[in-house]
Structure formats: structure tokens, C-alpha cells
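Visitor: Please show me the model. I have a few questions about it.

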Amino acid sequence: MALYWRRIKLKSIFLLFGACFVGYLLFMRNSSDSMSSTRRRDAPGPQDPETDEEFLTKPVYEKPPLDVNGLGELGRAVKLDLQGEDKKKEQESIDKHQINIYVSDKISLHRRLSERRNPLCKEVKYDYRSLPTTSVVIAFYNEAWSTLLRTVHSVLETSPDILLKEIILVDDYSDRAHLKAPLEAYISGWRKVRLIRANKREGLVRARLLGASISTGDVLTFLDCHCECHTGWLEPLLQRIKEEPSAVVCPVIDVIDWNTFQYLGNAGEPQIGGFDWRLVFTWHVVPPYEQQRRRSPIDVIRSPTMAGGLFAVKKDYFLYLGTYDTGMEVWGGENLEFSFRIWQCGGTLEVHPCSHVGHIFPKKAPYSRSKALSNSVRAAEVWMDDYKNLYYHRNPHARLEAFGDVTARLQLRQKLGCKSFKWFLDTIYPDLSVPEDRPGMFGMLKNRGMTNYCFDYNPPNDILVSGERIILYSCHGMGQNQFFEFTSAGEIQYNTRAPEGCAAVDNVSTYLTVMHCSGHLKPVPPDQKFEFRKDGTLFHPGSNKCLEAVSKTDNGKPAPGLRTCSDSANQHWVFEERIVR
Ligand code: LR7
């Protein structure tokens, strides 16, 4: 009996010990599971460190195998030799979308792009588990099927599953059938893709905000609806925001040709954004002082402004900054408004050289953008202080534009304690030359003899090309091509945008052409140096001649030309700032 009890005792001790051991093992397994499940944010995955990297970088969906001969693959140009009915269809697609959708439809929705990144970018290692997640918001209005879906596929196929919370497609009240039931059917059952619809045309600002309002990621990443993301585009944006939560970060925007779909990339170094005094967005090379500030070619590049369509921002920082100005309609202006606000209110705006996204720049605007003017006026009224007058001088009609109420935006500026526009110009955009706009020395440059004829310069494709002639054209009072300024250095400056154009004497024909101003190399060289004399004559000391309105020049068009000074009314000029209705 005693032996029996001893055996029972021994058995119990073993059992107890065994149970404790199993319990311990179970506890350890559970606790390590729960630790990794917080880290993994409920995505299933292997625990083997060998495959960990593969798991962490795994996109939401894999691209199908590469068909090297596929049209447009690796970003190659598609050139089709079309005839008859096919040619007609191609042209119709261009007329409708301002993008060659006939060609787009022939390219895989999953095509790959050729490598564009600096090789150093591929060496960067990310701690994926600590990066913030993102919601990608894509607003669209009447976009073609293949360009929209290629955008969506490219996000899913290049974004690590662990980082992409969702794609939110926002239909801004499109009226094309393919964007209704067929789109819903196509994406139905897809993981991570949500579609919402505006119930009136909201414009891109409010459409994007609609998307943002239902987002669940830490970071909002906005994309236009005709983009293609390059491998590795997302990680650098999120890494930067992790390091600096008040950074708004843009990818490098690579060009995809609207006609051939060739992925042209971004010639050489990434460019940064600026603007001119008409409040038109401009691209610039990275200035030397910014190059010096960066310690590596893959460091972020500070940019005074953004193009607008493609950027990532921490969601709570976006809310803190006042999201967007919801008084802005359809298209335009919001990119400069947001850029000014970011800088003036304490954030930074940057381009990340390791993040590349291709964007199709349509042939021309596919829908009316008439609201852009009032959007720009709102930006000027809220952020530019007295510098807004420089904008109005160049766009006299903007003064008449009904731009709604900006009280709430001014209050926001006050509440956030944002800095002045002067600070922004001096500190963030010192390269932008600030016009003098001396009273009576800017506006339409009008002739006294050939009344109602003004200096006019129409740069081809809106690019300031040296060597184009200045003509005389009926005064239209719209500023723009007829806006000139006489500087204290003695230049007749055109419109004032970077790089500034100046009237220069072409020695061969004695007419005026526009050349890049060399006024900052004081003294002004003789070909660009004039005197605006009290009697209204524009004297050119270099040739000892005066500018005269010539009604018929060698090409039959009226233009200002150099003639021996006389008291002819055609040699008298006056600057006028007048709005012609
Ligand atoms: O009413 C509208 N509702 C919309 O949802 C008008 C437009 N949109 C959508 C549209 O479908 C697209 O997805 O908004 C997006 C931008 O419209 P686009 O593609 O017609 O504009 P864009 O590429 O010509 O315009 C650039 O400037 C705009 C100013 O308002 C926006 O900031 C765009 O996002 C911006 N695009 C880029 O920055 C990409 C690079 C181009 C450059 C420079």
C-alpha cells in the first residue's frame, strides 16, 4: 500500500511537472505569437528570418510573368502603323481623352517599367515593421479604363502588402458608362481596393478629401488617376515621414508620353517646383545651396512648391494643417496654396529622389479649367500678403474674379501662427526674383501713335525661347503676354518668371527679341539696356536709336523697331494698367 502511494505520488509529481512544462511551452508560443502579431499588423506570414524580408516586401499582388515582347513593356514607346478605321479610332480616343487611349488599351495593365532610380536607392534597408501604413487616394473624373486600372494595378503590384492599408478610388461624378457597373464588377472582391462616389462634381480638392475622410492608414498618399508606380516608390516616402512627421513628400514625377506611352523618366537629376508671378507652377533644377545642404544624392530635396498630384503626408499632420481649401473648385491653384501653407506654417515640402512615379501629361486639358483663376486668387488672398499685387498686376482680370469667402482660411493662418510670405520668399525660394513694379513702370506697354497697339510676346509652348521677336498686338488688358516692366537697371522685362526674359536688340534686323535677362550681371549689357525718358521715348544707348512702332515689318506684322530718334508719336510709349472688359 505504501509502495502504491509512493508510485501515485511519483506519478503526480511527473504529471505536474509535465503539465507545467507543456503550459510553459504553450505560454511561450502564445506570447511570441501575440508579440509578432502586433508587429505584423495581422498580416499572416512566416516566422523564418530567412524568408522574412521576402514576406515584408511582398506586394499586395504579384505582377504576372513578364512578356518581354509585350507592347510598351519596360516603358518602351508604342508606335503603331495604323490605317483607315483603326487610325480613325486612335484619333477619336485622343480627341476624347487628350491621351492616346487606343495605344494604352493595347498595353498590359501590369506592364513593368525600366529602372530609373539612383543605384544607391536599392541599397537602403527599411525596417518595414516600424514604417507607418498608408491609404492611397486616387480621385478620378471621366478617366479612361486602361489608364485608371493601370494606375490601380501598379499601386497594388509595387506596394508592400504590410504598408498599404487600402486604395481609395473616388469617382468625382463621372458620367461615362465604363466607370459605373463595369468598374464595380472588375474590382469586386479585390483586397484593399475601395470605391466611393461623389454625388455631385466636387472637383479634385473635395474629391480627394472625400477619400481621405474614410481612410484608415497613418499616411495619406495622393495620386492622379493616370500614373504608374515604379518598384520601391512607397518605402522612401513612408520612411521620410516616419523620420519627420511634418514633412510632406513627393515622388520624382517621371513623364509617360501621352501618345506612345514611352516611360521617359526625368531627365538627369530630379527637379523641384517653383512658380512665377502669374502663379503658374514651374519646374527648376536643384539650386546649388540645396545641393550643398544634402549629404548624399539620395537625400530628400527641399522644394518651394509641388506640382500637386502626387504626394504623401501624415494624416494627422494634414488635418493639423487644415487639409485643403474646400472653396477651391475643379482644378488648379490648390498645389501652390498647399505648398505655401506647408512652408509658412512650419512643415517642409520635399522630393524624394528614390521614389519614382510615372505620370501621363495629357496633350491638353480634357475638361474645362476655368475655375483655376478663382482658386489662385484664394491662394493669393490668404497666403501672399502684399505680394499678391505682383500677381494681380500680371493678371488684371483676377481682381474681378468672385473668389468666395476666405475668412476661415485666414483664421486658420492666424491659429497656426504661420509665417509671412516674405519669410517664404527669403528663406525657401530666394531664387525667385521679386519684381520691382514701380508705379507707372509696368503693365501694357502702349504706343501713342499706333494707339491701341501694345508690346506682345507669345513664347512658343509657353517656354521662354531666346531669339523670338516681340511684336505689337492690339492691347487686350489681360496682362500675361502683354505684361512688361521697366526695371531700375534699364531693362524691358517680360512678365517676370524664371528665368526672366528681357527685350534685347537683335543687331541684324533692328527689332526686339526676348533673351534671358542678364541684368543681374550688372551693368546690364548694351543689347538689353534702355532708357525710358520723361517724354515717353524708349532710347537704346547702344545704337543711339529710339524704339518706334513699325506698322509693317519684314514679315508683314507690326513690331517695335529701332529707328533714328524723332518726335513721331510712334516713338512715344506709356505703361498702362487697365482691365479691358
Ligand atoms: O474635377 C475634377 N475632379 C477630379 O477628380 C478634376 C480632376 N480630378 C482628378 C483627375 O481625374 C486626376 O486624377 O484630379 C486629378 C488631377 O487632374 P488632372 O490629371 O486633370 O490634372 P493635371 O495632372 O493636369 O494637374 C496637376 O495640377 C493640378 C492642379 O489642380 C493637380 O494638382 C494635379 O494633381 C496635378 N498633377 C500633377 O501634379 C502630376 C504632375 C503634373 C505636373 C506638373
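**Confidence, ligand shell and fold**

Guide: Residues 1-46 come first: pLDDT stays under 50 there. The model has ten contacts beyond four places in sequence for this stretch. Remember that this is a predicted model.

Visitor: What is the mean pLDDT of the protein chain?
Guide: In the protein chain, 88% of residues reach 70 or more. For the model, ipTM is 0.95 and pTM is 0.89. The mean pLDDT of the chain is 89.

Visitor: Which helix gives the largest share of the shell around the ligand?
Guide: The shell holds 24 residues, with Ala139, Asp172, Ala307, Gly308 and Gly309 the closest. Strand 1 (134-140), helix 7 (203-213) and helix 11 (334-344) each supply at least two residues. The largest share is three residues, and it comes from helix 7.

Visitor: What share of the contacts in the protein chain, at a separation of 6 or more, joins residues 24 or more positions apart?
Guide: The chain has 581 residues, and 40% of them count as buried. Its secondary structure comes to 15 helices and 25 strands. Among contacts with a separation of 6 or more, the share from residues 24 or more positions apart is 75%.

Visitor: Which strands stand at the edges of the open sheet of four strands?
Guide: The order is 21-22-23-24, and the pairing is antiparallel. Two strands each have a single partner strand, so one side of each is left without a neighbour in the sheet. These are strand 21 (531-532) and strand 24 (559-563).

Visitor: Is Leu432 buried or exposed, or in between?
Guide: Leu432 lies in the loop between helix 15 (421-428) and strand 13 (442-447). Leu432 has 19 C-beta neighbours inside 10 Å. Buried needs 20 or more, and exposed needs 12 or fewer. Leu432 therefore counts as partly exposed.

Visitor: How many Å apart in space are Leu432 and Ala380?
Guide: In sequence, Leu432 and Ala380 are 52 residues apart. In space, C-alpha to C-alpha, the distance between Leu432 and Ala380 is 16 Å.

Note on methods:
Residues are numbered from 1 along each chain as its sequence is written. This is a predicted model: local features need pLDDT of at least 70, side-chain atom pairs count only at pLDDT 80 or more; totals for chains, interfaces and linings use all residues. pLDDT is the predictor's confidence in each residue, from 0 to 100. Two residues are in contact if their C-beta atoms, placed from the backbone, lie within 7 Å. A residue is near a molecule or strand if its C-beta atom, placed from the backbone, lies within 6 Å of it. Two strands pair if DSSP finds at least two bridges between them.
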